[in-house]
Amino acid sequence: MKLSRICLMTMILCSCVGKVDTPSGLVIDEKSAVCLSADDIVSDFMIVPLKGDEPLDEIIGMSCYGDEQFVENLVSDRLYYFRNHEYVNCLHSVGRGPGEYLNINSYSYDPQQKILYVVSDNVRGVLRYSIPSMEYIGTIPGSGQLSAVCVLPSGKLGVIDRSPDLRISYFTCVDPVSLEVDTLMTFDSFRFQDRGFYRSGDAILMGFDWVPSEIVAITQDGPRTLLDYSFGKEGIPLELYEEASKGNFLAAVQVSDAKHYEGKLFGSFQARAEEKGAVTFWYTKNNDEMGRLRFCRVTGNGKISIVKDMSIAGLNIRLKPFAVTEDGYAMIVNGPSDLLIDPDTPMGNLAGKIVKAVDSQKNDNPVVVYFSMKKL
């Protein structure tokens, strides 16, 4: 079913611009969180080195597509492509000419067509590259306000396009062959995490923050809300969100900048849809110590379980998913091991295996820790 931007305004699926309802749905209560170590909450973990002779930059992002993996460097100008964790090629097309970009804002991969899609600040459209050659094969035309891209289960592209003032965003569905465009939803730009697309089964999940928070699933049948929740008084104040929704630029900046509200909870990172209607996601606290994420599972009947701490005994890092996988999550661990080891804490089973894998690597290249989360 096609929806134009005009008729969409009367059938909005997410937060309507200029209209804020009192938060509904579930309230995530931080007081109910259980403090556990990674060893106590992780199950079925597997540690795999990323193999290759080329030294990798520090890695901050990852996407998994079956036996294919993409990892992203710290400055967002390179994408390393691996097959079965063996290095194959690297996309590094920095410049201002055809097929070049200044930075990688967002990317997605179609494993059926072997095409990589990239959105950058300086490109009016979506760049396309052939995998594994990384050869540029054209640009899908678009505005200069694109912020994110994902490949939908149908093979079409989901693109986030923003209004000229960047305040309003549109989720548009683009056919990469015919270039036909449908608009599926609209929302306040600051509610969406620019890289907040997560593959989960036959759906792409999107996380919408603030008041209320939502996790929306997009399938071939269109979008639907899986979970509607808030963090109550522990979340961003409703009145601030109302001001931002009215177009108050300062309020929008404050909402988007966690530093203004120390101690407030937010996020729907690395969302997954599980069996029997359960939804899981990770969230954090503004200005909290780096790496302190919380894991939340909401069952189909509304039962909420929250886990925090998740320290890895013997290391100075905590459990932190970089990507959603078919069975759980993937976490990148960058070496060398002497920077990871906590000398004041006895080393647990998970830490010992991570250190062993890191020490086996060339050039201090990272390892991937695959894991799933136990049910409480």
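This report describes selected helix, strand and aromatic features of a predicted model.

An open sheet of four strands runs in the order 4-5-6-7, and its pairing is antiparallel. Its edges are formed by strand 4 and by strand 7 (86-91), each of which pairs on one side only. On average, and with direction ignored, neighbouring strands of this sheet are turned by 25° against each other.

Within the sheet, strand 6 (residues 79-83) is joined to strand 7 by five bridges in the antiparallel sense. At Arg83, the bridge partner in strand 7 is Glu86.

## Aromatic pairs and a ring over which a charge lies

Across the whole structure, a search finds 21 aromatic pairs.

Another pair, that of Phe192 and Phe197, is tilted, with 5.4 Å centre to centre and 55° between the planes. Phe192 counts as buried because its relative accessibility is 5%, and Phe197 likewise counts as buried because its relative accessibility is 14%; the cut-off for this class is under 20%. Elsewhere, Arg272 lies over the face of Tyr329, at 5.8 Å from the ring centre.

## Helix 3 and its buried face

Helix 3 spans residues 238-245, and its buried residues are Leu240, Tyr241, Ala244 and Ser245. Seen down the helix axis, these buried residues fall within an arc of 135°, and therefore they line one face of helix 3. After helix 3 comes Gly247, which has a positive phi, near 105°.

## Ser43 in strand 3

Ser43 is located in strand 3, which covers residues 42-49. With a relative accessible area of 19%, Ser43 is buried, because the class takes in values under 20%. When its neighbours within four places in sequence are left aside, Ser43 is in contact with Phe371, Ser372, Met373 and Lys374.

Technical notes
Residues are numbered from 1 along each chain as its sequence is written. This is a predicted model: local features need pLDDT of at least 70, side-chain atom pairs count only at pLDDT 80 or more; totals for chains, interfaces and linings use all residues. Side-chain values use heavy atoms; hydrogens and water are left out. Buried means under 20% relative accessible area, exposed over 50%, partly exposed in between (1.4 Å probe, protein chains only). Helices (H or I, at least four residues) and strands (E, at least two) are DSSP runs, numbered from the N terminus. The arc is that of the directions from the helix axis to the C-beta atoms. Contact means heavy atoms within 4.5 Å. Rings of Phe, Tyr and Trp (its six-membered ring) pair if their centres lie within 6.5 Å; planes under 30 degrees apart count as stacked, over 60 as edge-to-face and the rest as tilted. A charge sits over a ring if NZ of Lys or CZ of Arg is within 6 Å of the ring centre and within 35 degrees of the ring normal. Two strands pair if DSSP finds at least two bridges between them. Axes are lines fitted to C-alpha atoms, for helices over the stretch in contact, and angles run from 0 to 180 degrees between N-to-C directions.
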